[in-house]
Amino acid sequence: MTISVFLSYSHADESFKDEFRKHASSLRRNEIISSWDDREILAGQEWESEIITKLETAELILLMISPDFLDSDFCYEREMKRAVERHNSGSAIVIPIILKNCDWGDTPFAKLQGLPKDAKAISTWEDRDTAWLDVIKGIKKSIEELKKKDNSLTKPTPNTEKIITDDHERWINDTEVEFNHRNKVKIILPDIYVAPDLKILRGDLDKISQTTSIKSLINDGKYLVFGDDQSGKTSLSKKLFASLLNSNYMPIVLNGTNIKSSNLKDIIEIELKKQYKLNREALSNRKPAIIIDDFSEIKLNKKNIEKLVSKFKSEFDICILISSNTYQFIAQDVEELDDFSCYEIVPFGNLKRTEIIEKWVSLGREEIIEDNELYQLSDQIKLKIDPMVRKHIIPPKPIYILTLLQMFETYTPQKYDLTSHGHCYQYLVYQSFDKAKIRGDDIDKYLNVMTELAWFIFSNQKPKLNHSDLEEFFTTYEKNFLPVNRDEIVEVLIKIHILFQSDGFTSFKYKYIYYFFTAKRMAENFRSNNETKSAISKLLHNLHNEDCSNIIIFLTHHTKDQWVLDEIQITLMELFQEQEPSRLDSESLGFMNEFIKEIPALIIEKRKIKEEREAHDKKMDEIEKPNPLHEEYIDDLEPSDTLAQINKTFRGIEIAGQIVRNRHASLKRNDLYSLVHEGINTGLRFLDYFLGFANKSKYEVIKIIETILKENPSLTNQQIEKEAKSAFLFLTYGVIFGVIRKISTSMGSSEAEAIYKEIEKDFDTNSINLINQAIDLHFHKKLDFRNIELLNDKFSSNPTCARILKEIIIQHIYMFPVEYQDKQRISSTLGISMNTQRRLDQKKQLKY
């Protein structure tokens, strides 16, 4: 396996580069590396594109650091920055080689391990040959790590290519569900696979409930991995096989359904011949490892399960058993599993969803797609997928995300309305029917049964039905419709993961299916059935409840009736109706403005966009961690409760925003204007309520904070009073900024720009200005310098609004590629200084 090496250096250091090439000659002659630098560009070649091509394809990138390197715009801005991005993404290894003493401690590569030893500059060594020898040794170590690294499922080394049989390699690469992509003729699993995180259930006591990567399993040991249905257990077994194979193990993967006896000898020999070209003797230098997929499907009694596991442990250096989540309870009774480390597959959060979406977007174009295009296309898709996952409407599992990505790939921009929430779920349901090979003329029957079943559950408020309930449902059903084969229908719906049975109860497996079909039944009947109309009104009255708000979202998919739209707007109008929409004028923010002047000024810092985006996703994953007690508390609130009203406000504007995004092409302009205006005003009325409350209650709240701070004996009374006031105002500012961002992301759309401009023209308030600016950046990714200049002038006497404007723009700069000259223009326009140092936390730091 020859490693491709890219040398990044300043031409002023050419003599050092030549010295390195001489010392690395044995690595080249033995075909361990193939090095490249810009002196190898042939006459007539485009020099810049050739350099970038080599930089993008190199596996090992050497940065030859000196004052001249740091001073070179091309070396620093183009080569070094991209090299570090590739290092951080795991697609290359970057090693700084320190040629001469210089100030590189605050550079993006400062955290990387430099060479020679202790990053002592080569020019300062008494014997430079010794220095270069230390560099070569360090590079050899990195090459060994690179060879062990497994960037895909099956990127075998030349040695492993001779080991695996063609059939087994095909199995490893098989996605099992066929996917199509415009840029890839044949999609294999490595193209789209993203390894899940694992939650630690048993093992190191200090790490219980923490998450880890699947690399934890690529070490000698015994591991038991649990996963929900369709969580990617089989794909994980394929990934682990390839990773172990490339780490000098001899893995064998078995399926529990094929294990009929505790006598392993015969099945191991059979699988060895199926999976490997070479015999056991030829593989004797590798450590044995076993992976059992569907371990819970082994149909042996407890005695023989114990015997089987005991043999696994004695004969294999690594033993990985992958099982369904329900097996956790049975595993406690299997004594031989007591010393296994236990893990659970974690559903895909924001970070993993972004990774799989970016893989899909760049498929077939990995080496040529620019970051600007990659992030823009990925963000457009995330705007559709994230709300579905966050509301627990679709399962955050790879197969569902990939299925939706396939749908977005199939539908053209002209059919954008077909990518709305409702159509996505409809697509998933039909995909399930297709997998079950349900005949076309039977689909209507299955749809009708599910629609009536959802309504039966909704009407009786029984999310789970026992046998008697299910019989009652089918009896009622057959009074109104033709008889059906009850057992067959239930069996098929369980098989395709639409229904779920456990402990004698039947329910919809996922909430989104229940929401979808309940709303479908309402849409079909509310015009002729007052009971259904009353049910819809009740849902809107309890909009703070998750189930209620999600059914309403689906209702807007199933019907375009004006009555539903009117009822939603009436519900929004009733929220905080005593308040006026906040204008964020100087009068209402007077108590904030002095505080804003005191907090540290904002700085445009030098940050890596990919790292910022990953940090944002990690933060969102923390925020979105399920809190059943909190959700249950909110759902149980009385609709008139203030906290319920606040939740209704934000759920209401989310629903209004969904309607705008899904039906912008079919809604009349006046209706669209009215809906957008009311959605924005609902959020701003809450903000007016909050600011009034904050202003009236500030002394009481500050006293409460003072009481808390008095527990810190190191603070004087004067310090306590000052810090309490700062804490209160800082939190208040955070709410103002958060509400503006929430309104813009909920109500925004890339297609309804004309409506937002019209509203801003009619209601030219500070709050509307800020919301429109945030929408423009979030959905269009563009900086309108003329508008930014006008707003900056307008907010010159309103420090709070000026600060919010700056934060909105800086967040965009950190999350999306912006040209350096545009950053300079922003810096000049808004009076924000630019800092080339690494990020320092500029937020107000409170001493408690």
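Which residues in α22 meet which residues in α24? Lys533, Ile536, Ser537 and Leu540 in α22 meet Trp563, Glu567, Ile568 and Thr571 in α24, where contact means heavy atoms within 4.5 Å. By class, this contact has four nonpolar, two polar and two charged residues (Ala, Val, Leu, Ile, Met, Phe, Trp, Tyr, Cys and Pro count as nonpolar, Asp, Glu, Lys and Arg as charged, and the others, Gly among them, as polar).

The model is predicted: local features need pLDDT of at least 70, side-chain atom pairs count only at pLDDT 80 or more, and totals for chains, interfaces and linings use all residues. Residues are numbered from 1 along each chain as its sequence is written, and side-chain values use heavy atoms, with hydrogens and water left out.

Helices are DSSP runs (H or I, at least four residues), numbered from the N terminus. Two pairs are listed here.

| Helix pair | Angle | Axis distance |
|---|---|---|
| α22 (530-541) and α24 (562-574) | about 30 degrees | 10 Å |
| α26 (609-623) and α34 (799-815) | about 110 degrees | 7 Å |

Axes are lines fitted to C-alpha atoms over the stretch in contact, and angles run from 0 to 180 degrees between N-to-C directions. The α26 and α34 helices are therefore roughly perpendicular (65 to 115 degrees). Ile609, Glu612, Arg613 and His616 in α26 meet Ile813, Tyr814 and Met815 in α34.

Histidine 181 lies in the loop between α8 (166-173) and α9 (189-192). Histidine 181 is buried, with a relative accessible area of 9% (buried means under 20%, with a 1.4 Å probe and protein chains only). Leaving aside neighbours within four places in sequence, histidine 181 is in contact with Ile187, Trp360, Leu363 and Glu409.

Methods: Helices (H or I, at least four residues) and strands (E, at least two) are DSSP runs, numbered from the N terminus. Buried means under 20% relative accessible area, exposed over 50%, partly exposed in between (1.4 Å probe, protein chains only). Angles under 35 degrees count as roughly parallel, over 145 as roughly antiparallel, 65 to 115 as roughly perpendicular and the rest as oblique.
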